[in-house]
Amino acid sequence: VIKCKAAVAWEAGKPLSIEEVEVAPPKAHEVRIKIVATAVCHTDAYTLSGADPEGCFPVILGHEGAGIVESVGEGVTKVKKGDTVIPLYIPQCGECKFCKNPKTNLCQKIRITQGKGVMPDGTSRFTCKGKQIYHFMGTSTFSEYTVVADISVAKIDAAAPLDKVCLLGCGISTGYGAALNTAKVEPGSTCAVFGLGGVGLAVIMGCKIAGASRIIGIDINKDKYAKAKEFGATECISPQDSKKPIQEVLVEMTDGGVDYSFECIGNVGVMRAALEACHKGWGVSVIVGVAGAGQEISTRPFQLVTGRTWKGTAFGGWKSVDNVPKLVTEYMSKKIKVDEFVTHTLPFDKINEAFELMHSGK
């Protein structure tokens, strides 16, 4: 058993608490990882807020991390002690019907137990002050050591800087893949990206790499415009600058609507606007943001009857074990940006400050 520091969420709506936790050794088909770097994501904040129907407490959150394999359980063959890895919140077992289908990346092998905050055998590897602590998204990267299933880990280039590539564990991969894999953005097309946080910037990067000729960034926070343009946005607009609904503004700006739109916020009203900003006959709108529990999307069916398509994406459609190492290689060869997404680097015990910076749009 390893004793180490972790940021524990004891209950919903309260700040994380830095505690000493015990991390049990990995069982069969499990891997224990020394986490070197982790990022904070809105999904962690969403669960912490209490809005997540699957949220269970006390829990160790975090799902964008990178580290070194400390030890492996019986039967683990894909990684060994000392390997550099990224934990994966969407695993890839290679055996279930989802993994065998090229149309999806949603491996279901450990979905039920992962959603309940436990390892595949139904138990936790974390204890603190004598209490069992739940796992989160199969990763729990807000701990100096974590245990994951062997299908939830990607071995990457040992030379990669872990404080940067941890972002490929969720945000950057999600946005980049939404453009390339889910929407399949074509050269010369016009795109609209709603929400210019990390995921939105990654969508912009993907649209640019795919050859889009016009990329419109949409956000009420104008401080984000300069960064969006650095990533490839050709122009940025705020919904607050017009009395008309934003979808009408976009339809007028683009002679009938955009070819592709992306909702990167998790707001069902914006999801509707993103669909309705699409061009009749061929426009495709991709939902990337995670909405609150129980919320529903709506639009007039005529929007779809007249040729628009509504899609969603999880982790950008990447089959994780196969593609995360390739994304790291693309970064190492400077095909994709990663460093530019990092705004602040904080010590682990300042993790609550990191959440405050995220909530304030910084």
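The following legends describe close-up views of a predicted model.

Residues are numbered from 1 along each chain as its sequence is written. Because the model is predicted, local features require pLDDT of at least 70 and side-chain atom pairs pLDDT 80 or more, while totals for chains, interfaces and linings use all residues; side-chain values rest on heavy atoms, without hydrogens and water.

**View 1. Overall dimensions of the protein chain.** The protein chain contains 12 helices and 16 strands, taken as DSSP runs numbered from the N terminus (helices H or I, at least four residues; strands E, at least two). Its C-alpha atoms occupy a box of roughly 65 × 40 × 35 Å along the principal axes. Of the 362 residues, 53% are buried, that is, under 20% relative accessible area with a 1.4 Å probe and protein chains only.

**View 2. Strand β1 and its partners.** Six of the eight residues of β1 (residues 2-9) are buried. Seven antiparallel bridges connect β1 with β2 (residues 17-23), and Ile2 lies opposite Val23 in β2. Two bridges, also antiparallel, link β1 to β4 (residues 59-60), where Val59 faces Ala9. Strands count as paired if DSSP finds at least two bridges between them.

**View 3. An open five-stranded sheet.** The strand order is β9-β3-β5-β6-β10, with antiparallel pairing. Strands β9 (145-149) and β10 (153-155) form the edges; each has a single partner strand, so one side of each lacks a neighbour in the sheet. From one strand to the next, the twist averages 45°, with axes fitted as lines to C-alpha atoms and angles between N-to-C directions running from 0 to 180 degrees. Strand β6 (residues 84-87) is joined to β10 by three antiparallel bridges, and Ile86 stands opposite Ala154 in β10.

**View 4. The annotated span 28-156.** The unreviewed UniProt entry places the feature "domain: Alcohol dehydrogenase-like N-terminal" at residues 28-156; such annotations may be inferred rather than shown by experiment. The end C-alpha atoms of this span are 22 Å apart, and its content is 13% helix and 30% strand.

**View 5. A charge over a ring.** The charged end of Lys337 is placed over the ring of Phe231, 5.7 Å from the ring centre. The criterion requires NZ of Lys or CZ of Arg within 6 Å of the ring centre and within 35 degrees of the ring normal.

Conventions:
Buried means under 20% relative accessible area, exposed over 50%, partly exposed in between (1.4 Å probe, protein chains only).
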